[in-house]
Amino acid sequence: MAYCSEPLTKPITILTLQKLKAEQEKFTCVALYDAPMAAMAEQSGVETVLVGDSLGMTVLGYDSTLPVTMEHMLYHVEAVARGNKKSLILGDMPFMSYATTDQAMHNAMRIMQAGAHVVKIEGGEWLAPTVTMLAERGIPVCAHLGLTPQSVNKLGGFRVQGRTQQQADKLLADAIALERAGADLLVLECVPSELAKTITQRLSIPTIGIGAGKDTDAQVLVINDILGLTPKPPKFSKNFLVETQDIPSALTKYVSDVKTGVFPELAHTFD
Ligand code: KIV
C-alpha cells in the first residue's frame with residue numbers, strides 16, 4: 001500500500017523546518033541509532049533524525065540514560081551520519097556533558113564533528129547562557145523540556161510534567177527563555193496537550209512533541225517503538241509495523257500519519 005511520503009530529495013536544514021512551521025506543515029523526527037535505519041528514514045521522508053541518548057535503554061540495556069557517555073554518542077552519531085545524507089541530524093548530549101558552559105562547548109564540538117547538525121540538551125532557563133554561547137559559535141541547539149529523562153531521579157520517575165498551573169507557567173517561561181537565548185528547536189516530552197499547544201503557538205521556533213499531543217509542529221518517536229521492539233511500550237507510542245509489511249513501509253506510514261494529522265490520536269496524549 002502506498003502512503004503519502006516521498007524520499008528526501010535535498011538536505012533538510014534549520015531553514016527548511018522554519019518554513020514548514022510557517023506553512024503549518026507537520027514534520028517528523030525518528031530517534032534512531034545506526035546506519036541502515038538512518039538510510040531508511042531518509043528514503044521514507046523523515047525530515048529529522050535524532051541520535052538520542054535513549055540508546056542507553058533501547059540498545060545498550062541500561063535502566064536509564066544516565067550511564068550513556070560521549071563515546072557512546074559519538075559512535076552512534078558517526079554511524080547515523082554515514083547512513084543518511086539528507087535528514088537533519090540531531091545529536092543528544094549525554095548526562096553531565098554540558099553541566100558547565102566549558103564542557104558544553106567542548107562536547108558540542110565533538111558531537112558536531114561526528115556528523116550532527118544540531119545538538120540537543122535537556123533543561124530549562126538555567127541553560128540559556130549555554131544556548132547563547134553555542135548559538136554564537138554556530139552550533140544550532142534543540143532544547144528539551146517536560147519529561148527530561150536525564151533528570152529522572154530528580155523528577156521521581158518517568159512522569160508527565162506540567163500538570164499543575166505552577167509547573168505549566170514554569171515550562172512556558174523556560175521555553176520562551178530558551179528561544180530568546182537562541183535555541184532553534186524545542187522537544188516537548190510528556191506534557192499535557194493543551195500546554196504543548198500553548199507553547200507551540202507562543203514560540204516562533206518549531207516544537208517537536210513526544211507524548212505532547214497533536215498540536216506541536218513535529219512529532220518524534222523512538223524507532224524501537226515504531227517497530228514494536230519495546231516490551232512495555234509507552235502510552236504515547238505506536239507500533240507502525242503491525243499495520244505494514246516491512247520497516248520502510250512502517251516509517252512511511254508514520255510520516256504519512258503525522259503529516260495528515262492521523263497520528264497522534266487522543267489515546268497517545270495526556271491531559
Ligand atoms: O533520547 C531520545 O530518544 C529522546 C527522544 C525521546 C525525544 O530524547
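**Entry 1. Terms and model**

I count two strands as paired if DSSP finds at least two bridges between them. I take helices (H or I, at least four residues) and strands (E, at least two) as DSSP runs, numbered from the N terminus. I note that this is a predicted model, in which local features need pLDDT of at least 70 and side-chain atom pairs count only at pLDDT 80 or more, while totals for chains, interfaces and linings use all residues. I number residues from 1 along each chain as its sequence is written, and side-chain values use heavy atoms, with hydrogens and water left out.

**Entry 2. The barrel**

I looked up the strand order first. Eight strands close into a barrel, running β1-β2-β3-β4-β5-β6-β7-β8, and the pairing is parallel. On average, neighbouring strands of this sheet are turned by 25° against each other, direction ignored. For such angles I use axes that are lines fitted to C-alpha atoms, for helices over the stretch in contact, with values from 0 to 180 degrees between N-to-C directions.

I then examined how β1 meets β8. Strand β1 (residues 27–31) and strand β8 (residues 218–222) run parallel and are joined by five bridges. Phe 27 stands opposite Ala 218 of β8, and Val 30 stands opposite Leu 221 of β8. On the β7 side, two bridges join β7 (residues 207–210) to β8, again in parallel. There, Gly 209 has Gln 219 of β8 as its bridge partner.

**Entry 3. Burial of β8**

I call a residue buried under 20% relative accessible area, exposed over 50%, and partly exposed in between (1.4 Å probe, protein chains only). Five of the five residues of β8 are buried, so the strand is largely enclosed by the rest of the structure. Both faces are covered, with Ala 218, Val 220 and Val 222 buried on one side and Gln 219 and Leu 221 buried on the other.

I located Asp 217 in the loop between β7 and β8. With 11% relative accessibility, Asp 217 counts as buried. I searched for polar contacts, meaning pairs of N or O atoms within 3.5 Å; within protein, one must be able to donate a hydrogen and the other to accept it, and residues adjacent in sequence count only if both atoms are side-chain atoms. The side chain of Asp 217 makes one with the side chain of Lys 21 (2.9 Å). The Asp 217 side chain also reaches the backbone nitrogen of Thr 207 at 2.9 Å.

For contacts in general I require heavy atoms within 4.5 Å. Leaving out residues up to four places away in sequence, Asp 217 touches several residues, including Glu 25, Phe 27, Ile 205 and Pro 206.

**Entry 4. Helix α11**

I checked the span of α11 (residues 247–259): its 13 residues reach 18 Å from first C-alpha to last, close to the 18 Å expected at 1.5 Å a residue. The expected span is 1.5 Å times one less than the number of residues. The buried residues of α11 include Leu 251, Tyr 254, Val 255 and Val 258. The buried residues of this helix pack against β1, α2 (35–43), β8 and α10 (223–226). Just after α11, I found Gly 261 with a positive phi of about 80°.

**Entry 5. Buried helix positions**

I placed Ala 38 in helix α2 and found it buried, with a relative accessible area of 0%. Ala 38 and Val 80 lie 42 residues apart in sequence and 5.5 Å apart in space, C-alpha to C-alpha. Neighbours within four places aside, Ala 38 is in contact with Leu 32, Val 80, Gly 83 and Asn 84.

Ala 175 has its place in helix α8 (residues 165–181) and counts as buried at 2% relative accessibility. With neighbours within four places left aside, Ala 175 is in contact with Leu 145, Leu 186, Ile 199 and Leu 203.

Ser 193 belongs to helix α9 (residues 193–202) and is also buried, at 18% relative accessibility. Residues up to four places away not counted, Ser 193 touches Ala 212, Gly 213, Thr 269 and Phe 270.

**Entry 6. The ligand**

I then recorded the distances from a ligand oxygen atom to a side-chain N or O atom: 3.2 Å for Asp 53, 2.5 Å for Ser 54 and 3.0 Å for Lys 120.
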